[in-house]
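Thanks for coming. I will take a few minutes to walk through one structure. Please have a look at it before I go on.

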Amino acid sequence: MEKNKKVDIPIREKGKCCLCGEIYEHYGNNPAPIMFNGRCCDDCNENRVIPERLNRFKDAYIKRQKILVKHLNTSIPMEELL
Ligand SMILES: [Zn+2]
(Lines give C-alpha, C1' and ligand atoms only; values in the text may rest on other atoms or scores of the structure.)
Protein backbone atom coordinates (compact mmCIF):
# COMPACT_ATOMS: atom_id res chain seq x y z
CA MET A 1 0.00 0.00 0.00
CA GLU A 2 1.17 3.48 -0.88
CA LYS A 3 0.41 4.68 2.65
CA ASN A 4 2.95 2.34 4.24
CA LYS A 5 5.69 3.05 1.75
CA LYS A 6 8.91 3.97 3.47
CA VAL A 7 10.39 7.30 2.48
CA ASP A 8 14.02 6.95 1.54
CA ILE A 9 16.07 9.64 3.19
CA PRO A 10 19.72 9.61 2.23
CA ILE A 11 21.90 8.67 5.18
CA ARG A 12 24.62 11.20 5.80
CA GLU A 13 27.84 10.50 7.62
CA LYS A 14 27.10 13.41 9.95
CA GLY A 15 23.80 14.99 10.82
CA LYS A 16 21.48 16.23 13.49
CA CYS A 17 20.01 13.67 15.87
CA CYS A 18 16.26 13.51 15.32
CA LEU A 19 15.64 12.91 19.04
CA CYS A 20 17.87 15.40 20.90
CA GLY A 21 19.21 17.66 18.16
CA GLU A 22 22.86 16.88 18.86
CA ILE A 23 25.21 16.16 15.97
CA TYR A 24 25.77 12.49 15.28
CA GLU A 25 28.73 11.01 13.40
CA HIS A 26 29.41 7.72 11.67
CA TYR A 27 25.94 7.61 10.08
CA GLY A 28 24.08 7.67 13.39
CA ASN A 29 21.57 5.01 14.36
CA ASN A 30 18.12 3.92 13.33
CA PRO A 31 15.72 5.61 15.79
CA ALA A 32 12.81 3.18 15.26
CA PRO A 33 10.46 2.57 17.02
CA ILE A 34 10.63 6.04 18.58
CA MET A 35 10.95 7.79 15.22
CA PHE A 36 10.71 6.50 11.68
CA ASN A 37 12.51 9.32 9.95
CA GLY A 38 16.01 10.58 10.41
CA ARG A 39 18.89 9.18 12.42
CA CYS A 40 19.81 9.46 16.06
CA CYS A 41 23.05 9.84 18.00
CA ASP A 42 24.74 7.07 20.00
CA ASP A 43 23.50 8.52 23.31
CA CYS A 44 19.87 8.46 22.25
CA ASN A 45 20.30 5.03 20.73
CA GLU A 46 21.66 3.65 23.96
CA ASN A 47 19.43 5.51 26.40
CA ARG A 48 16.15 5.75 24.53
CA VAL A 49 15.91 3.59 21.42
CA ILE A 50 17.30 0.31 22.76
CA PRO A 51 15.32 0.41 26.05
CA GLU A 52 12.18 1.17 24.04
CA ARG A 53 12.83 -1.80 21.76
CA LEU A 54 13.34 -4.08 24.75
CA ASN A 55 10.14 -2.80 26.33
CA ARG A 56 8.18 -3.45 23.19
CA PHE A 57 9.66 -6.90 22.91
CA LYS A 58 8.64 -7.59 26.49
CA ASP A 59 5.13 -6.28 25.88
CA ALA A 60 4.77 -8.40 22.77
CA TYR A 61 6.08 -11.40 24.66
CA ILE A 62 3.64 -10.94 27.53
CA LYS A 63 0.74 -10.43 25.14
CA ARG A 64 1.63 -13.61 23.31
CA GLN A 65 1.94 -15.58 26.52
CA LYS A 66 -1.51 -14.47 27.59
CA ILE A 67 -3.00 -15.65 24.32
CA LEU A 68 -1.19 -18.99 24.54
CA VAL A 69 -2.24 -19.56 28.11
CA LYS A 70 -5.80 -18.61 27.32
CA HIS A 71 -6.22 -20.77 24.22
CA LEU A 72 -3.76 -23.61 24.57
CA ASN A 73 -3.05 -23.64 28.25
CA THR A 74 0.69 -23.52 27.52
CA SER A 75 3.51 -20.99 27.39
CA ILE A 76 6.90 -20.57 25.76
CA PRO A 77 9.92 -19.76 27.91
CA MET A 78 11.38 -16.37 26.96
CA GLU A 79 14.80 -17.92 26.24
CA GLU A 80 13.32 -19.82 23.32
CA LEU A 81 12.23 -16.60 21.68
CA LEU A 82 15.59 -14.86 21.96
ZN1 LIG B 1 20.44 12.21 20.32
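One term first: two residues are in contact if their C-beta atoms, placed from the backbone, lie within 7 Å. With that in hand, take Pro31. Leaving out neighbours within four places in sequence, Pro31 is in contact with Cys18, Leu19, Gly38, Arg39, Cys40, Cys44 and Val49.

Before more on that residue, some background. What you see is a predicted model. The protein chain has 2 helices and 2 strands, and from the N terminus the order is β-β-α-α. Of the 82 residues in the protein chain, 12% are buried. If you take the contacts with a separation of 6 or more, 15% of them join residues 24 or more positions apart.

Back to Pro31. Where does Pro31 sit? Pro31 is in the loop between S2 and H1. Is Pro31 buried or exposed? The cut-off for buried is 20 or more other C-beta atoms within 10 Å; Pro31 has 21 such neighbours, so Pro31 counts as buried. Asn45 lies 14 residues from Pro31 in sequence, and their C-alpha atoms are 6.8 Å apart in space.

Now the core. Which residues make up the largest nonpolar core? There are 6 of them: Cys17, Leu19, Tyr24, Cys40, Cys41 and Cys44. In soluble globular proteins, nonpolar side chains tend to be buried together. Among the contacts of Pro31 are Leu19, Cys40 and Cys44, and these belong to that core. Cys41, another core member, touches Cys17, Cys20, Glu22, Tyr24 and Gly28, again without counting residues up to four places away in sequence.

Last, the backbone of the loop. Most residues other than glycine have a negative phi, and most peptide bonds are trans. His26, in the loop between S2 and H1, is not a glycine, yet has a positive phi of about 55 degrees. Tyr27 is in the loop between S2 and H1 as well, and has a positive phi of about 75 degrees, although Tyr27 is not a glycine either.

How exposed are these two? His26 has 9, so His26 is exposed. Tyr27 has 12, and therefore counts as exposed.

The other exception is a peptide bond. From Ala32 to Pro33 the bond is cis, with omega near 10 degrees. Pro33 lies in the loop between strand S2 (23-24) and helix H1 (42-72).

That is what I have for today.

Conventions:
Residues numbered from 1 in each chain as written. Predicted model: local features only at pLDDT ≥ 70, side-chain atom pairs only at ≥ 80, totals over all residues. Helix = DSSP H or I, 4+ residues; strand = E, 2+ residues; numbered from the N terminus. Core = buried A, V, L, I, M, F, W, Y, C linked by C-beta atoms within 7 Å.
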